[in-house]
Amino acid sequence: MILSIHPGGGRYTTNIALQMCYWPTEVCNLSECHEPLFSLIDDCMINGRKTAKVHYNASGWVLHHNTDLWRRTAPCNNAEHGIWVTGGAWLCHHLWEHYLFTGDRSFLENQAYPAMKESCQFFLDFLIPDPRTGLLVSTPSNSPEHGGLVAGPAIDHEIISSLFAITAQAAGELKRDTAWTQHLLEVKDQITPLKIGRSGELLEWGKEVDNPDNLHHYLSHLWGIYPGASITPETLNLFQAAQTSLNLRQDVPANWPRAWKINLYARFNQDAKALSYINKILTENTYANLFTSHPPFIISGNLGLTAGIAEMLIQSHDQGIKLLPALPQRWSQGSASGLCARGGYIIDMAWENNKLSRAVILSNLGGVCYLQGLEQQIQVHSNGDSVEIIRDQRGIQFITQQGQRYELAFSP
């Protein structure tokens, strides 16, 4: 178990710090390092069922913003942030991500899906109608460590809506619970949607109380950009609003918020901004031994930065794989090996003059490999034979076989 060391009582903070420690695991080919977190989830489900029943008279399981070696799941610390109810739901996304990268069906069936389903069951009981609109809201809650108690913070609705969607996908993969998942998706559509404010920003609390001059270091309402994937260019208005929110928040000199911004700017394909935060962390937030400072030390800054660099080099969250989506001009030449993409792909690549010069893709699962955003002419070979590719407006796709390697040749 990775523990962030700072004056926090040795707890695992589940409103981002714990999760950030595991952001690099799948994309950086360290999937087995995810296992301690999955064990923690198993433990928290046991206590979380009791908390759900006692605190909310609800089924399923719940984990608030903090846990520890004894796997407490009830609200703790100050009420204004201790009541945040979505920590367990966020952790469930790590289970799903592990399946997307590895295709481990036994893991999905026996460990991931039961936790995801029980988390959904809690929120089916927990969500209530807003008396003004009739739409469902998450309350009582807050936007983690930023402001007081509210009804319907954006991060809750992003996480819960995404949880319902991926749980329905998981059930579909396993061919079970058809009627229940149909109900789940119907409830998902009743959750209060995200809103855009007067300044074009994504509203953190779903109402016009956001302050454009707010410098708070939490960016909770941008969860749907990263680590989530519910806000993409396909949802253009929200995508642009989230980008406006990120730009308005400006900079706070702390390491892990800067690490989060690297990942966010990578998702926006803003390579110069992402690189600037890498440089800030290395020059302003890092000790001589390379530990990141959050006195005395917090490792989530190190690991969040690692995930951010990987996100600049490879992305696979939006219906395909993007190679070098946020490559800075200063990284004009280089290589990376062993990076992973959803769908069971392991990728080695090299680039010169900021363009891909070579890539080798190992397909662990087989299936359709879809590469987005490739402007260069490309040929694909496997075992010396040419592979048929199909090109569309967004990229190319080709059929892969399990265990086969595919060499990509790029024209200058």
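Analyst: Helix α7 (residues 154-174) and helix α8 (residues 178-188) pack with their axes 9 Å apart, at an angle of about 160°. Axes here are lines fitted to C-alpha atoms, for helices over the stretch in contact, with angles running from 0 to 180 degrees between N-to-C directions. That angle makes α7 roughly antiparallel to α8 (under 35 degrees is roughly parallel, over 145 roughly antiparallel, 65 to 115 roughly perpendicular and the rest oblique). Helices are DSSP runs of H or I with at least four residues, strands are E runs of at least two, and both are numbered from the N terminus.

This is a predicted model, so local features need pLDDT of at least 70 and side-chain atom pairs count only at pLDDT 80 or more, while totals for chains, interfaces and linings use all residues. Residues are numbered from 1 along each chain as its sequence is written, and side-chain values use heavy atoms, with hydrogens and water left out.

Back to the pair: α7 and α8 cross in a left-handed way (the near helix is turned anticlockwise from the far one by less than a right angle; clockwise would be right-handed). On the α7 side the contact (heavy atoms within 4.5 Å) uses S161, F164, A165, T167, A168 and A171, and α8 brings W180, T181, L184, L185, V187 and K188. By class, that's eight nonpolar, three polar and one charged residues (Ala, Val, Leu, Ile, Met, Phe, Trp, Tyr, Cys and Pro are nonpolar; Asp, Glu, Lys and Arg are charged; the others, Gly among them, are polar).

Now a second pair. Helix α9 (residues 236-248) packs on helix α10 (residues 255-267) at about 145°, axes 11 Å apart, and this crossing is left-handed too. F239, L246 and N247 of α9 meet K261, L264, Y265 and R267 of α10, which divide into four nonpolar, one polar and two charged.

M20 has 0% relative accessibility, so it counts as buried (under 20% relative accessible area; exposed is over 50%, partly exposed in between, with a 1.4 Å probe and protein chains only). Its C-alpha atom is separated by 9.0 Å from that of A259, 239 residues apart along the chain. Beyond neighbours within four places in sequence, M20 is in contact with W256, A259, W260, S300, L303 and G304.
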